[in-house]
Amino acid sequence: MDCTVVVVTHGQLAKQLVATCEMLIGKQENVLPVDFMPGENLESLIKKLAGIIEDNKVSGPLMMVVDMFSGSPFNASTWFVKNRPETKIVAGVNVPMLVNILLERQEAESFDELVEMAVDVGQNAVKSLQN
C-alpha cells in the first residue's frame with residue numbers, strides 16, 4: 001500500500017522535517033512539505049495545498065501529516081478529508097513518526113494500518129528523562 005505524504009506545518013518546520021528524515025533514510029519520493037507562513041490564512045493554505053496536490057498529480061491514498069491538532073494546517077487539511085477520497089490526517093508529527101511513515105508506507109497492508117502505526121510511533125517517541 002503506497003501513499004503520498006503531505007507534511008503541513010506552521011513556519012518552515014515541514015521542509016525541515018522532510019530534510020531531517022531524508023538525512024536519516026535517504027531521498028524520498030511522493031513526500032511534499034508545505035509550510036504555512038505568516039500572512040497566509042486558512043483559505044490561502046487550502047488553495048496552496050490544492051495546487052501542490054494537483055501539480056504533483058497525486059492520485060490514490062494521501063496522508064496529510066500536520067504539526068498540531070486544530071491548528072490552521074490541520075483545519076486546512078480537513079477540507080481534503082471531506083472532499084477527496086482516500087485522504088487521512090495524522091496530527092502531532094515528529095521525526096520518528098515521519099520516518100516510520102516513509103519506511104512503512106509500501107509495506108503496510110492497509111491505509112488504516114499505516115495511520116495506526118504512525119500514531120503509535122509518534123506517541124511512543126515522546127519520552128522523559130529525569131534524575
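Me: What makes the radius of gyration of the protein agree with a compact globule?

Reply: The protein has 131 residues, and a compact globule of that length would have a radius of gyration near 14 Å. This predicted model has 14 Å, which agrees. The radius is taken over C-alpha atoms, and the globule rule is 2.2 Å times the number of residues to the power 0.38. Along its principal axes, the C-alpha trace spans about 45 × 35 × 25 Å.

Residues are numbered from 1 along each chain as its sequence is written. Because the model is predicted, local features need pLDDT of at least 70 and side-chain atom pairs count only at pLDDT 80 or more, while totals for chains, interfaces and linings use all residues; side-chain values use heavy atoms, without hydrogens and water.

Me: How many helices and strands are there in the protein?

Reply: There are 5 helices and 4 strands. From the N terminus on, the order is β-α-β-α-β-α-β-α-α.

Me: Why do strand 2 and strand 4 stand at the edges?

Reply: The open sheet has 4 strands in the order 2-1-3-4, with parallel pairing. Strand 2 (31-36) and strand 4 (87-91) each have a single partner strand, so one side of each lacks a neighbour in the sheet. Direction ignored, neighbouring strands are turned by 20° against each other on average.

Me: How do you know that strand 1 and strand 3 pair?

Reply: Two strands pair if DSSP finds at least two bridges between them. Strand 1 (residues 4-10) and strand 3 (residues 62-66) have 5 bridges, in the parallel sense. Valine 7 has valine 65 of strand 3 as its bridge partner.

Me: Which strands does helix 2 touch?

Reply: Helix 2 (residues 42-55) packs on the sheet and touches strand 1, strand 2 and strand 3. Contact means heavy atoms within 4.5 Å. The direction of helix 2 makes about 160° with that of strand 2. Helix 3 (residues 72-83) lies across strand 1, strand 2, strand 3 and strand 4, running at about 160° to strand 4.

Me: What angle do helix 1 and helix 4 make?

Reply: Helix 1 (residues 13-25) and helix 4 (residues 95-104) pack at about 60°, with axes 10 Å apart. They are therefore oblique to each other. Leu17, Val18, Thr20, Cys21, Leu24 and Ile25 of helix 1 contact Val95, Leu98, Val99, Leu102 and Leu103 of helix 4. That contact has 10 nonpolar, 1 polar and no charged residues.

Me: What makes helix 2 and helix 3 oblique to each other?

Reply: Their axes come within 9 Å and cross at roughly 55°. The pair is therefore oblique. The residues in contact include Leu42 and Ile53 of helix 2, and Trp79 and Phe80 of helix 3. By class, the contact has 10 nonpolar, 3 polar and no charged residues.

How values were computed: Axes fitted to C-alpha atoms, helices over the stretch in contact; angles between N-to-C directions. Helix = DSSP H or I, 4+ residues; strand = E, 2+ residues; numbered from the N terminus. Parallel < 35°, antiparallel > 145°, perpendicular 65-115°, else oblique. Nonpolar A, V, L, I, M, F, W, Y, C, P; charged D, E, K, R; others polar.
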